[in-house]
Each structure stands twice: as structure tokens, then as C-alpha cells.
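This briefing walks through selected features of one protein chain, grouped by topic for reading beside the sequence and the coordinates.

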Amino acid sequence: NKFIGYLYTKFPKHRWKFLVTVLGNSTMLNALLYKGKHPKKNIKSSYSSYYFEMFNNLFQFLLPKDSFFLQMLFFGKVIFLEGAPFETDISIYNEMKRATKSCKINYYCVDLFDSLEKIDEKIDFVSFSDILSYLPRDLEKVYLQKIKPNLSPGATTVHRYYFRVNKYLDISGFKKTTDKNLALINKEKTQIYIIDTYEKENE
């Protein structure tokens, strides 16, 4: 397609490599975005290598029109709504709006781990954002076990890491389903994160 042809023939590879190398390091990221709280890396890749791989995945799996992140990089704004987050699609938004009239929605502004037992219903789905890369050491090993009693059998949990992958997580009572969901993971719009999925086994 035209985008692949552009990458191979006209894309400014040397300037791109220089830019990613300069900006893709912990010192620069801490100064620009994280105020000294960038997650401590525990993966083998260097910071710049991590970003090069991330962008290679973006270029491999997605066209700019399908990724708002690529559009922001290439054009500075979202110009193709196909690549916008799904909740911005007017038909999906209207369907969600209609659905709210036939269900009960509860909002909890609390610490998940300390307050999950206060929720009466069993939970079918939990999405952990890249907060997992910032968890204290004593919690990063056991957080899945802490929520386990409140999950329904077959519940799905999504784990999203950023530079720091939990290598010692206790997954007793869960099965890893990342491979089964790989096609969906490859459609993620930014490809910034390392994503795993686990499913609670029937007791």
C-alpha cells in the first residue's frame, strides 16, 4: 500500500532514528513528562530500542488512518476518525447512551485493592493500566490474588506494562490468555505498552 511504500522510499529514516534516540531515554522522559517518576526499567531493551520496536509494531500492524497516535505523530492532529478511540464513534456513543437507560451504573472513586470487597457483585472484567509498573514491590507480586475472591469464574484481567514487567506475579488460579487475544492486542492504537491477559479459572 501507499503507506508502506512511503516508509521504504521517502520516510526520513536517519532523522527519525536521531529523534527517537534523543527523546527516547529516561533522562529526557523524566524531564519532559514524568517529573522524576518514570518507572524503573526491568526489561532487557534499552529505552530507545523499546521505542523503535514500538514504532515498528505501529508501522507493521496499523495504517495512520487507523491509529490516532500515528496521526498525531505525522499530522499533529486526528484527521481520520477511523483511527479515533472507539468511544468517540457517534454510533457507538449513541448505543452506549441508550444502554445506560436499561442498566444500573455505579461509580467508585476508591482504591481498588482496599475496596473491592465492598462491591456486592462478582466482577467479570478488570483492566489494569500501566499503574502496574509503578506498584510497590510488596503489592506487585500479589495484586491478582487480592482481587481473586471478588472475580467471577472466567473473569478476564488485562495487564498493561510500561518498561517494567511484573516477572514474579502470583497467578495461582488463573491461566494466561495473551496468545488467544494477540490479534486484539496488535490492534491497540499506540503499541506503547506490553500487554498480557489472564482469565480466572473455574473453582
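This is a predicted model: local features need pLDDT of at least 70, side-chain atom pairs count only at pLDDT 80 or more; totals for chains, interfaces and linings use all residues.

A residue is called buried here when its relative accessible area is under 20%, and exposed when that area is over 50%, with partly exposed in between. Gln 191, at 9% relative accessibility, therefore counts as buried.

- The buried residues of α4 are Tyr 47, Ser 48, Tyr 50, Tyr 51, Met 54, Phe 55, Leu 58 and Phe 59.
- An α-helix has 3.6 residues a turn, so residues three or four places apart point the same way.
- The largest nonpolar core has 37 residues, and those with the most contacts inside it are Phe 55, Phe 59, Tyr 143 and Ile 147.
- At least two residues of this core come from each of α1 (2–9), α2 (13–23), α4, β1 (123–128), α9 (143–147) and β2 (151–161), and α4 gives the most, with seven residues.
- Tyr 143 touches Phe 113, Phe 128, Leu 132, Leu 135, His 159, Tyr 161, Asn 166 and Leu 169, when residues up to four places away in sequence are not counted.

**The sheet**
- Four strands form an open sheet in the order β1-β2-β4-β3, with mixed pairing.
- Because β1 and β3 stand at the edges, each with a single partner strand, one side of each is left without a neighbour in the sheet.
- From one strand to the next, the twist averages 20°.
- The pairing of β1 with β2 is parallel and runs over five bridges, and Ser 127 has Val 158 in β2 as its bridge partner.

- Phe 163, which is not a glycine, has a positive phi near 70°; Phe 163 lies in the loop between β2 and β3 (174–176) and, at 0% relative accessibility, counts as buried.
- Gln 191, likewise not a glycine, has a positive phi of about 60°, and its place is in the loop between α10 (182–185) and β4 (194–200).

**Cysteines**
- With a disulfide taken as a pair of cysteine sulfur atoms within 2.5 Å, the count comes to zero disulfides.
- Cys 103 is partly exposed, at a relative accessible area of 45%, whereas Cys 109 is exposed, at 82%.

Methods:
Residues are numbered from 1 along each chain as its sequence is written. Side-chain values use heavy atoms; hydrogens and water are left out. Buried means under 20% relative accessible area, exposed over 50%, partly exposed in between (1.4 Å probe, protein chains only). A nonpolar core is a set of buried Ala, Val, Leu, Ile, Met, Phe, Trp, Tyr and Cys residues joined through side-chain atoms within 4.5 Å. Contact means heavy atoms within 4.5 Å. Two strands pair if DSSP finds at least two bridges between them. Axes are lines fitted to C-alpha atoms, for helices over the stretch in contact, and angles run from 0 to 180 degrees between N-to-C directions.
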